[in-house]
Amino acid sequence: MSLPAMQPTQNNIYSSVNYNAISEIEAVDLTNCDREPIHIPQSIQPHGLLVVLTEPDFKIAQVSANSLEIVGIAAEDLLDCPLADFISSDRLEDISKCLDRSFEHINPLAISFATAEDATRNFNGIVHRAISGEIILELEPITNSTDREFFHFYHQIKKTLTKIQAAQNLGELCDLIVREIRDITGCDRVMIYRFNESGDGNIIAEVKQPDQESFLGLRYPDSDIPKQAKELYKLNWLRLIPNMDYRPSPLIPSSQIKEIAAHPLDMSHCCLRSVSPIHIEYLKNMGVAASLTISLIQKQNLWGLIACHHNNPIFIPYEIRTVCEFLGQLMSTELANKEANENLDYKLQLKNIQSQFVERLSKANNFVQELIAEPETLLNLVGAQGAAVCEGDDITMIGQTPQLDWLKSLLSWLPKQFKQDIFVTDNLPSLYPSADDCQAVAAGLLAMAISKIQHRYVLWFRPELPQTVTWAGNPDKPKRLESDGTMTIFPRKSFEAWQEIVTGRSQPWLDCEIAGAIELRQAIVDIAIRQAEDLAHINLELERSNSELDAFAYIASHDLKEPLRGIHNYATFLLEDYGSILQDDGADKLNTLVRLTKRMEALIDSLLKFSRLGRQELQMSPIALDPLLGNVSELLAMNPQWQNCEIRKIRSLPTVLGDRILLEEIFTNLISNAFKYNDQPRKWVEIDWQIVPKPEHSEENQEPTPRFVTILIRDNGIGIRDKHLETVFRIFKRLHAPSKYGGGTGAGLTIVKKIIERHGGTIKVQSIYGQGTTFLFTLPIQESL
C-alpha cells in the first residue's frame, strides 16, 4: 500500500505556536518513573486543541493554552462559553446522541470552528468520555493533503487483508505488517517489538531507510516501558508524537466551573495527551524526531507494539492513523493463528505423544506406575532432560535430575509457587537460590501438582543453556548519586548492540510443552475422579450392606433369644422333674444341652451388644481417666478371682473426650483379659499414655483436626503368637478352647475395637509370646493438653 507521507509544511502548526506562556517541563526523578502519573500530565501536545465540556449544556470548563494558535481565540475567551457559540448545531446533536453509547462510530467528526474574525477553521473532532466522566473534545487541524474520503483505501486494505491471511507463520506476518505500515505512514523506520515473559522486548521485524542502523534482533529491558505506560497502551491502541521538540500546552480551567477543575483530568484516552519527558529524552537519544505507536493485544494482554520512527517531525492525520489501528487490530486477531503454525512439526510430535499418554493413562489403575513405565516418553512429552515423579515420600527420578535430598528440599518450597497447579520457569536460580548448585541439570523447571494434600507431583528439569543476548545499548542505565543520597537514573544515550552472556537459564518452555503437562494432569485427575467415584460407589454399597447386616444381626439375635430360652427352660424342667428316673447318659445329655444353651445365649448377647454399638448415639463429654480407672479397679477387686492381680499406673492419666460407659467397658475388658490370659503367680497390668503428634495443616485442608492421646495397657500374661495378631479382633475368634482360661465368647476385643473406632481412634496390639501383651489405642483429647 502506498500513500503520500503527511510532511509538515513550512507554515505548519509547529512553527505557529506561541511558546512564551508555556511553563518549563517539571523535572522527573527517574528513580520513580514507574510511579510517574503519565495519565494526568495536565498538558497536551500542541498540534491540536483539547476542550473539556460540562453536561448537559456543553459549556467549556477547561481548554488547552494554545487555543489562540489553533482556533484563533484566546483561552480566556473560550472558557465558560457554550460550545454552540463556535460549532454547528448538527455537530452538537451528534455529541449529545452518543453520550450514552459508543463514541467510536462518529469519530472523527468534521467540525468547522468559528474564529473571532468570523472565519472558520476545519478540524477532525474526536469526542470521548474520560475515565473520570468528563466529556472531552479534541480538535486536530485538517491539512491540505488530507483526503477525508478514504474509501479509496478499500482496495489497498483488501489487498493487505489477503496478504495477512496468506502469511504462513508469525515471521511472515510481522514482515508484511511493517512494510504496509511504512507505506501508509511514510515513516523512516517501522519495527515490531514483542514482549517476553520477563517484560523485556525484542525487535522481531523491521523495515528502515538504507542508511539507518538496524535494530532487528536487539533486546530492550523491561524498564524502558514502565508498567503504567503498558497499561495505557492497552487502553489506547494508538500513540502519536508528531514532534519530539514540542512544548507542552497546559490545560487552563474555568474559574467558575470548579467541580471539573477540582481534580486532574484523566487523559488516558486522549490522542493529544502530553508525553513523559523521560520518554521524549529516550526517543531523542535514539535520533527519533516523531513517532507513532500501535498496540498489539492478545487475550487482553499487551503482546507487543508496532513502533514507527521518523527522522523529522511528521503529522499523521486521524484517517491514516485509523487505517494503521485497523491493521494493528487485524494483526492482533491473527497472532494466535500464526503462532500456532510456529514449530508445527514439533507441536504435532508432542500432540502425538500426549494422545498416546492420555490413552494409556485412561485405562490405568495406577497412574504413577504408568508414568514411569516409559521414562523416555515422559521426558519427550515436554522436551525435558530429567523428571521426578513424587507420591508422598516416594520419589522416582528419571534422566538428569538433582540429588534426592535437594529434591526433597525443593518440594517443601514448591507448593506455594503453583498457579492453577502449574509452575514453570526457565530461571529457577532467580526464584529458588538453592538451585545455584544444580543449574547444570535444573536451571529450568516445569512442575505439575496432581494433589498437594497427598504430595503428588511431576517435575521436569532442563539444564542451563548459556545464551548471548544482544541488547540495544547497555541495559544498566547511567546513574548519579544526588546530594540527598538518592539515585537518579538517566535514559541511556547509546543504542549500539551490547552483548551479554546470560547464565542460569534453560531453554524456555514453549506453550505447547506447557499445554502437554496440563493435558497430562487433566488425564490423571480424570483417573482419580473415576477411581474416587468407583470407591464412593463401593463405600455406598458397603455402608448399605453393613446397615442391613447390622439390622439383621439385631433382629436375628433378638428373635433367637426367645426359642433359645424355651429350650433352656424345658431342658431344666426335664432335669428337675425326671432326673431321678433318667439314666446317667440321659442326664448328661440334658446337662450338656443346658450348658450349650447358656453359651449360645452369651454369644447372642455379645452379638446384640456389638450391633447396638453401631446404632447407638455416643454421649460425648470430657472424661477424667483417673477416676474412671478407679471405678474399674474397684469393680475388678470384688471378684475373688483377681485378688492377686495388680494394676500399676505409671503416671496420672489425661482427660479425654468420650462416652463414659463405653470407655469403662474398654478398660474393664482389656484389664480383665490381661488377668484372665495370665499364668504367672503374680499378675500385673501397667497403664501409661503419650500424646500423638498433631499433623500440620496443609494449604488445601485448613479444617482443624482433633488431637489424640495413646493409651498403653501392658501385661505379663501368656502373650499372643505373631500369626494370630491380625485375627484377635475378629468377632467370636478364640485362640483357646472354650474350657481354657475361663471361657468366653471371643467378642470382647471386637467390641473394644468398635467402641474405639466410634470415638475416632484406632487400636493395635504388640506381643511377645510367653512374656506379655501390650494394647495401644487412641482417644480424642481436649486442645488444652
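In this predicted model, a search of the whole structure for aromatic pairs finds nine of them. One of these pairs joins Phe667 and Phe777, whose ring centres lie 5.9 Å apart and whose planes stand at 75°, and because planes over 60 degrees apart count as edge-to-face, the pair falls in that class. Phe667 belongs to helix H20 while Phe777 belongs to strand E29, which spans residues 772-780, so the pair ties together parts that are 110 residues apart in sequence. Both partners lie under the 20% limit that defines a buried residue: Phe667 is buried with a relative accessible area of 1%, and Phe777 is buried with a relative accessible area of 0%.

Helix H20, which carries Phe667, also packs against another helix. The axes of H20 (residues 660-676) and H21 (residues 748-758) come within 10 Å and cross at roughly 145°, and the crossing in which H20 passes H21 is left-handed. On the side of H20 the contact is made by Leu662, Glu665, Ile666, Asn669, Leu670 and Asn673, and on the side of H21 by Gly748, Leu749, Ile751, Val752, Ile755 and Ile756. Sorted by class, the residues of this contact between H20 and H21 are eight nonpolar, three polar and one charged.

Aromatic rings also come together elsewhere in the model, where ring pairs link Trp406, Trp413, Phe423 and Tyr432 into a cluster. Other rings have an arginine over the face: Arg189 lies over Phe215, at 4.0 Å from the ring centre, and Arg462 lies over Trp509, at 3.9 Å from the ring centre.

Technical notes:
Residues are numbered from 1 along each chain as its sequence is written. This is a predicted model: local features need pLDDT of at least 70, side-chain atom pairs count only at pLDDT 80 or more; totals for chains, interfaces and linings use all residues. Side-chain values use heavy atoms; hydrogens and water are left out. Axes are lines fitted to C-alpha atoms, for helices over the stretch in contact, and angles run from 0 to 180 degrees between N-to-C directions. Helices (H or I, at least four residues) and strands (E, at least two) are DSSP runs, numbered from the N terminus. A crossing is left-handed if the near helix is turned anticlockwise from the far one by less than a right angle, and right-handed if clockwise. Contact means heavy atoms within 4.5 Å. Ala, Val, Leu, Ile, Met, Phe, Trp, Tyr, Cys and Pro count as nonpolar, Asp, Glu, Lys and Arg as charged, and the others, Gly among them, as polar. Rings of Phe, Tyr and Trp (its six-membered ring) pair if their centres lie within 6.5 Å; planes under 30 degrees apart count as stacked, over 60 as edge-to-face and the rest as tilted. Buried means under 20% relative accessible area, exposed over 50%, partly exposed in between (1.4 Å probe, protein chains only). A charge sits over a ring if NZ of Lys or CZ of Arg is within 6 Å of the ring centre and within 35 degrees of the ring normal.
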